Amino acid sequence: MRITCPICGERDSREFSYRGADVALHRPDPEAGEAAWDDYVHLRDNPAGETRDMWYHEGGCGAWIVVTRNTVTHEVIGSELAAEVAR
Amino acid sequence: MRFSGLRILKEGLTGNKGWTPHWRDPEPKSEYDILIIGGGGHGLATAYYLAKEHGLSNIAVLEKGYIGGGNVGRNTTIVRANYNMPGNSEFYSHSLKLWEGLEEDLNYNVMHSQRGIINLFHSDGQRDYAVRRANSMINQGDDAIVLDRAGVKKMLPYLDYDNARFPVYGGLYHPRGGTARHDAVAWGFARGADSRGVDLLQNCEVTGIDIEGGKVIGVQTSRGPIKAKKVGIVVAGRSGQVAARAGMRLPIESHILQAFVTEGLKPCIDHVVTFGMGHFYISQSDKGGLVFGGDLDFYASYAARGNLPMAEHVMEAGMALMPMIGKARVLRSWGGIMDMSPDGSPIIDRTHIEGLYLNCGWCYGGFKAVPGSGNVFAHLMATDRYHDNATKFRLDRFRDGYGLMDEEGTGSQHNLH
Ligand SMILES: Cc1cc2nc3c(=O)[nH]c(=O)nc-3n(C[C@H](O)[C@H](O)[C@H](O)COP(=O)(O)OP(=O)(O)OC[C@H]3O[C@@H](n4cnc5c(N)ncnc54)[C@H](O)[C@@H]3O)c2cc1C
Ligand SMILES: [Zn+2]
């Protein structure tokens, strides 16, 4: 599995560290309540197929990226800068 | 058909013509009292103990593939009771005791081998933790011995003791730990359940869970609809997907764990050895292959096969610990889909839907739990009460933060275990 960084191009997956599902971009309000925070921290769609997750290009440009990939085939479909997705 | 030494002798002398299939291949009935989704180790053991200890027999196990095709047939077979935290400690202790009587109970040779496990440590701090963990194990009534460097050297002369980064300081020795033949465990429980009247339905994928007025009433399967009063979800890496059929989202992320085996060698590794700092562990199978593995690949995956970086990492760690294995040739590698929970401990609980029960979150350590998990989950499904040795595996502990069991102390979040 090689991962494409929008800045650096296709790179060895060892340059990246994995954060998990892109729910990380949808942090609830501090006062949103227990259910919203449980949802954010613990509960996952955990799809078999296409997913969007967060990777950090630690061994490269240092960008956080959102990768669209397939959890069954390990195909990497695309990636965007997290800063742009969050905007 | 009972197995015995005499029987093997007789069959051997008469052309092995008297052996019969270990279980039936029945057609699904339209209704059962209890359905178990998932014919892995945990599902089969649950059905077995429901029949054996609770006198129930109108039960079916629904397996989408074949018996033993999931993680129960893909793991590295380590069986131990060396946990540290209340909740886990009494549960794994209970499970190990069931292992110790399992072969007689099932009349099946699961090749349970209590060859001992040694967890290596490499610093004063790690030694302190090993002592603390040993004390917890002893308090639980299990066995633990803290070995110093000389003590480990006597048992494992082949290690590199002066590795620059991780010199061996000693090891936590758990003599009752060991291994078992994974397939035989699945087959033994399958045969035991079948002989007590449980229907094992293979090639039967659950595609829907029927709920009416907050109560489960049955399931939809690739072999037609089946009604039931109670349904247990026991599908390991597929837990999120099956629970979604009941409209639930789980605190589970599916990850991949790889394992490796070499060509068969003469006996050279007598114990299970774990090198936590290098993310490496190893034992030798009865066929002679060195069976070893490491950590997760560390990204969500349903591929049941991993990528090369982790393969390389595991080989490097193995070479660092025991340079002699560089001469062995790796024959095969494979992966399994792990149901990772945020705190690294399992979930054995009811759900908010009446009659629907959940057993998952086994991460990379559910093989040793097979008898224990089946036993306590059967108790929960039959009596609607937690078993005394499994009161803390609540589904809602993540939401309220009460009773988290984070053995590694890394935090109760995904991707930290
Ligand atoms: C490489 C590797 C090494 C491991 N090493 C160890 C170890 O040394 N010690 C240890 O204790 N544990 C170990 N484990 C973990 C252990 O194997 C698992 O935790 C345990 O086997 C999971 O429970 P199970 O046996 O019930 O799972 P499985 O055997 O995976 O059973 C689940 C079953 O559910 C079925 N299923 C899924 N979806 C559906 C559906 N919709 N309908 C019907 N059926 C369905 C699947 O086909 C599967 O057969 C390891 C795992 C792996 C992959
Ligand atoms: Zn980059």
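Author: Start with residue classes. Ala, Val, Leu, Ile, Met, Phe, Trp, Tyr, Cys and Pro count as nonpolar, Asp, Glu, Lys and Arg as charged, and the others, Gly among them, as polar. On that basis the shell around ligand 1 holds 18 nonpolar, 14 polar and six charged residues. Keep in mind that this is a predicted model.

Reader: What puts a residue in the shell, and how many residues surround ligand 1?
Author: A residue is near a molecule if one of its heavy atoms lies within 4 Å of it. For ligand 1, 38 residues surround the molecule. The closest are E63(B), N71(B), V72(B), T76(B) and K368(B).

Reader: Which backbone atom of K368(B) lies by an oxygen atom of ligand 1? And what about G41(B)?
Author: For K368(B), a backbone N or O atom lies 2.8 Å from a ligand 1 oxygen. For G41(B), a backbone N or O atom lies 2.9 Å from an oxygen of ligand 1. On its own, ligand 1 has 1,000 Å² of accessible area, and the protein covers 95% of that.

Reader: Which elements of chain B each supply at least two residues of the shell around ligand 1?
Author: They are helix 2 (41-54), strand 12 (253-264) and strand 16 (330-340) of chain B. Strand 12 of chain B gives the largest share, three residues. By domain, the shell takes at least three residues from each of domain 1 (5-78 + 182-251 + 343-400) and domain 2 (113-178 + 253-340) of chain B.

Reader: Now chain A. How do you know that strand 3 and strand 4 pair?
Author: Two strands pair if DSSP finds at least two bridges between them. Four bridges join strand 3 of chain A to strand 4 (residues 50-56) of chain A, so the two strands pair. They run antiparallel.

Reader: What makes strand 3 and strand 6 of chain A edge strands?
Author: The open sheet has four strands in the order 3-4-5-6, with antiparallel pairing. Strand 3 (17-21) and strand 6 (76-81) of chain A each pair on one side only. From one strand to the next, the twist averages 30 degrees.

Note on methods. Residues numbered from 1 in each chain as written. Chains lettered and ligands numbered in written order. Predicted model: local features only at pLDDT ≥ 70, side-chain atom pairs only at ≥ 80, totals over all residues. Heavy atoms only, no water. Polar contact = N/O pair within 3.5 Å; in protein donor to acceptor, adjacent residues only side chain to side chain. Areas by Shrake-Rupley, 256 points an atom, 1.4 Å probe, with all protein chains shown as cover. Domains from an automatic or database assignment. Axes fitted to C-alpha atoms, helices over the stretch in contact; angles between N-to-C directions.
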